[in-house]
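Work through the exercises below with the structure open. Try each task before reading its solution.

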Amino acid sequence: MQKTFVKYTAAIITSAILLILFINFLFMLQSLESQQFSTFLTKSGQVMHIMENNSDELAELNKSLDTDYLTRARAATYVMDHHKEISMDVQQMQYLAELLNVDELHVIDENGMIVSASVSQYIGIDMDDHEQTREFLSLLENKDEDAYLIQEPQPNAAEGKVMKYIGVARKGQKGFVQVGFEPVRQMEAQSRNTYEYIFSKFPTDVGEELFAVDCTTGKILGHSDGMDRQFSAEYYQLDELKECTGGAYKEGENGRVMYVAAQQYGNVMICGTVPRHQIFHKLWSNVLTTFICLLLIEVAVLLLLNYLVRQKVVGGIHRIIGKLEAITAGNLDTAVEESGNPEFKKLSNGINAMVKSIVSLSDRISSIIKISGIPLAAFEYETGAGYVFATPGLRQLLDIPEQTAEELYCDPDLFDEYIHNITKVPLKGEEDIYRVSDSQYVCIHMAESSRGNLGVITDVSDQVIQKIQMQYENTHDPLTGLYKFPYFKDLASEILQSLPEDEICAAVMMDLDSFKTINDTYGHDIGDKYLESFAKVMLSMPEEHYITARRSGDEFCMFIFHCHDVPEVRGYVNEFYKVLNECPVILSETNNIVISASAGFACADGTQQSITVLLNHADEALYEVKNETKGRYREYQQETVQNPLPCPHD
């Protein structure tokens with residue numbers, strides 16, 4: 001009987017295992033394909049997010065530079081219109097161009113002729129002779145004295161080099177003033193906003209390909225392995241890719257079968273591929289692991305059944321049932337001791353062993369969690385009880401010293417207080433996520449039941465740190481570490497709107513003097529170092545009074561707050577210049593200089609509600625200083641002109 005029972009049981013279990021393996025095979029295949037498809041969708045979304053961010057940054061850069069260039073062009077026109085005594089020879093025009101920090105400066109008369117310029121060979125050029133220059137002749141016909149024209153970067157008529165020109169109509173006479181800039185930053189930003197560039201920087205897994213296809217022409221726009229290759233395989237063709245929006249297998253190079261996923265964004269399709277054999281390698285690995293586990297389970301079950309069948313189920317059965325009823329009622333201390341014959345004794349021992357295994361449930365759960373390798377921990381306790389059930393990983397996840405953990409596990413009330421102290425302050429903007437240390441973040445889910453308090457803890461450090469890093473990159477300038485200008489305005493606006501009645505604040509606009517000369521003389525690397533050194537001084541200012549940001553190029557801004565009067569504001573500005581003077585920049589082995597910066601600031605009290613207006617006032621004060629001198633600062637005054645204030649070293 002025993003052999004027959006075991007034989008049929010083994011056949012049933014083996015059949016069940018084979019069925020489970022078949023179902024597991026189908027499920028795992030679908031799961032792996034779904035996982036791969038989800039991975040590709042995530043990566044394609046990241047690619048488009050990068051493209052959108054680059055486009056937004058390019059648009060913001062163009063807008064910011066246009067405003068800056070127009071301001072300089074108007075400044076040049078103002079000088080020409082109000083200082084008739086200025087000589088308009090080439091040398092004087094070059095000096096004025098350098099003073100305004102522009103690359104070219106031209107004066108055009110009422111006939112459309114360049115009568116004066118900072119570049120000698122441009123003098124005498126007729127603006128009507130070339131399509132590029134002809135566009136500016138509309139300023140001669142425009143009766144608006146404030147008329148201006150901003151031209152997009154393009155090759156100029158004289159030399160064919162790419163330039164960006166801005167023209168401003170003169171007041172009181174017919175003609176206009178034109179300034180030109182080399183659009184280096186704009187061209188660099190445009191070059192980064194291509195699929196070829198993004199894919200060259202985008203990380204891919206082994207065997208994985210990412211590429212973009214134009215939905216109109218079918219042309220490959222970018223590839224993760226570069227564009228120096230043939231794109232003749234089936235899965236590169238647009239008609240085939242349209243069938244892969246839900247994931248599909250397509251023939252690749254050298255007869256390899258590839259799993260292809262495609263996602264369309266506007267007129268572009270982002271695609272990802274991976275060899276089929278990589279998916280199936282994972283599939284067979286998982287199936288083999290499942291088979292081994294099931295086989296071990298089958299062996300264990302057969303051994304246990306073989307042991308139980310050997311017991312004689314005769315006599316004394318009611319006494320055993322009585323003991324089992326007591327155990328079922330919750331009295332786990334009840335021992336089954338039926339020793340009428342060896343079979344009953346063995347059965348009693350089996351039941352007692354089973355009860356002990358239930359009592360030691362925490363050990364088995366801990367083992368399962370440990371085997372899984374997942375950063376997960378669980379705990380259970382009753383206030384007033386004498387112990388806390390906790391899996392081994394809990395101490396590491398909560399960063400608890402070993403000695404402290406032993407004390408907490410022996411006192412549920414103390415453990416309850418410890419857990420509630422951690423969960424008092426969740427991470428800002430998150431739910432059930434808490435900071436344990438500088439690099440450790442956990443998610444704690446708790447529930448109360450009739451049996452006590454239950455909790456599960458998971459490690460979410462990687463996700464939180466990644467999110468913090470993304471937030472930092474969105475709000476900080478990558479070169480200097482200062483705030484980006486839009487985020488700076490938001491912070492300053494919040495402070496301004498909640499300013500106490502007995503306090504004032506100030507916006508400070510700053511511009512580095514002769515920065516273009518530094519770049520031209522020593523190169524852009526030294527120029528970047530020059531900007532970083534200036535930013536380092538800004539970052540050294542105390543946070544309780546300063547917010548600092550980079551506006552664009554060599555333009556910076558500060559917001560000074562928690563002040564009670566204007567002299568206190570001047571004191572903070574002077575303190576900044578004092579620190580700046582104590583931090584010279586090494587330009588070469590034989591030359592170091594103190595950074596020279598001009599500034600304008602405007603103060604406001606609680607009645608001033610617009611940060612934009614305050615910044616514009618500071619900007620006006622800055623440009624008044626730049627037009628007269630350098631290395632000084634001035635306070636904005638609405639009705640009276642104020643002389644520039646000397647810096648602490650003057």
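In strand E5, Ile166 is the bridge partner of Ile150. The model used here is predicted.

**Exercise 1.** Find the strands that pair with E5, and state in which sense E3 and E5 pair.

Solution. 
- Step 1: Start with strand E3 (residues 148-150), which pairs with E5 in the antiparallel sense over 3 bridges.
- Step 2: Go on to strand E4 (residues 154-155), which runs antiparallel to E5 and is joined to E5 by 2 bridges. Here Gln154 has Met163 in E5 as its bridge partner.
- Step 3: Turn to E6, which pairs with E5 in the antiparallel sense over 6 bridges. Lys164 stands opposite Phe181 in E6.

**Exercise 2.** Describe the hairpin of E5 and E6, and name the residue with a positive phi.

Solution. 
- Step 1: Count the residues between the two strands: there are 6.
- Step 2: Check phi in this hairpin; Gly172 has a positive value near 85°.

**Exercise 3.** Is Arg170 buried or exposed?

Solution. 
- Step 1: Locate Arg170 in the loop between strand E5 (162-169) and strand E6 (176-181).
- Step 2: Read its relative accessible area, which is 11%.
- Step 3: Buried means under 20%, so Arg170 is buried.

**Exercise 4.** Which polar contact joins the side chain of Arg170 to another side chain?

Solution. 
- Step 1: Look at Asp81, whose side chain is joined to that of Arg170 by a polar contact of 3.0 Å.
- Step 2: Set aside the backbone oxygen of Met80, which the side chain of Arg170 reaches at 3.3 Å.

Notes:
Residues are numbered from 1 along each chain as its sequence is written. This is a predicted model: local features need pLDDT of at least 70, side-chain atom pairs count only at pLDDT 80 or more; totals for chains, interfaces and linings use all residues. Side-chain values use heavy atoms; hydrogens and water are left out. Helices (H or I, at least four residues) and strands (E, at least two) are DSSP runs, numbered from the N terminus. Buried means under 20% relative accessible area, exposed over 50%, partly exposed in between (1.4 Å probe, protein chains only). A polar contact is a pair of N or O atoms within 3.5 Å; within protein, one must be able to donate a hydrogen and the other to accept it, and residues adjacent in sequence count only if both atoms are side-chain atoms. Two strands pair if DSSP finds at least two bridges between them.
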